[in-house]
Amino acid sequence: MIKKKELEEKTLTKTYVYEGPVVNLREDTAEMPDHTIANRTLVEHPGGVGIALEDEEGRFYFVSQWRYAQSVVTLEYPAGKREKGEDDLAVAKREIAEETGYEGKDWVYLGTIYPTPAYDSETIGLYYAKKGNYVGQHLDQDEHINVSLLTLDEITDKIIAGEVHDAKTVSMTFLIKEMKERGLIQ
């Protein structure tokens, strides 16, 4: 088995090519484990969270929205971007209320995923919660979404049929199904 130290690359230089409101773009040089030098291009992203909110009937809240980069409408679990210094659970609580109008309760941290680890620093903290009180939906000015409810079997069928492409939604669906089967979440 190869140990981490045998694969680790050492950053030698960092050059910012672009700094923006959502992402920064860096071009680095790195020393490889064999001491050769390689160029690395990196997108710095503050990361975010994805939230699986379940109602009393075992249905989950999903949002459909236009994703400009892909030029498609996606079906996803509600999610949001982390603000600098913000705790993931605070982001999850804020975003679920903003997008669905409901508070979450009985929060469970499911883990973290790296959506595109080859060139992007983004991490997504994954959370599960039960539906709480209705507090009213408060979308961001540039956010237009439709909210729907689906069971785990319904979203799984959509994933298998190739209708869902969002990485956090695919990951969370199968993670939640497995955790429920193992009794780790109710």
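Mentor: Buried means under 20% relative accessible area. In this predicted model, both Tyr-61 and Tyr-102 are buried.

Trainee: Why does the pair of Tyr-61 and Tyr-102 tie together parts that are apart in sequence?

Mentor: Tyr-61 lies in strand β5 and Tyr-102 in strand β8 (residues 102–113), so the parts they tie together are 41 residues apart in sequence.

Trainee: How many aromatic pairs does the structure hold?

Mentor: Seven. One of them is formed by Phe-60 and Tyr-128, tilted as well, at 6.3 Å centre to centre with 55° between the planes. Phe-60 lies in strand β5 (residues 59–67) and Tyr-128 in strand β9 (residues 124–134), so this pair ties together parts 68 residues apart in sequence. Phe-60 and Tyr-128 are both buried. Ring pairs also link them with Phe-62 and Tyr-77 into a cluster.

Trainee: Why are α2 and α3 called oblique to each other?

Mentor: The axes of helix α2 (residues 152–160) and helix α3 (residues 167–181) cross at roughly 135°. Over 145 degrees would count as roughly antiparallel, and 65 to 115 as roughly perpendicular; α2 and α3 are therefore oblique.

Trainee: Which kinds of residues make up the contact of α2 with α3?

Mentor: Seven are nonpolar, three polar and three charged. Among them are Leu-152 and Ile-155 in α2, and Val-170 and Phe-174 in α3.

How values were computed:
Residues numbered from 1 in each chain as written. Predicted model: local features only at pLDDT ≥ 70, side-chain atom pairs only at ≥ 80, totals over all residues. Heavy atoms only, no water. Phe/Tyr/Trp six-rings, centres within 6.5 Å; stacked < 30°, edge-to-face > 60°. Helix = DSSP H or I, 4+ residues; strand = E, 2+ residues; numbered from the N terminus. Buried < 20%, exposed > 50% of the residue type's maximum accessible area, 1.4 Å probe, protein only. Axes fitted to C-alpha atoms, helices over the stretch in contact; angles between N-to-C directions. Parallel < 35°, antiparallel > 145°, perpendicular 65-115°, else oblique. Contact = heavy atoms within 4.5 Å. Nonpolar A, V, L, I, M, F, W, Y, C, P; charged D, E, K, R; others polar.
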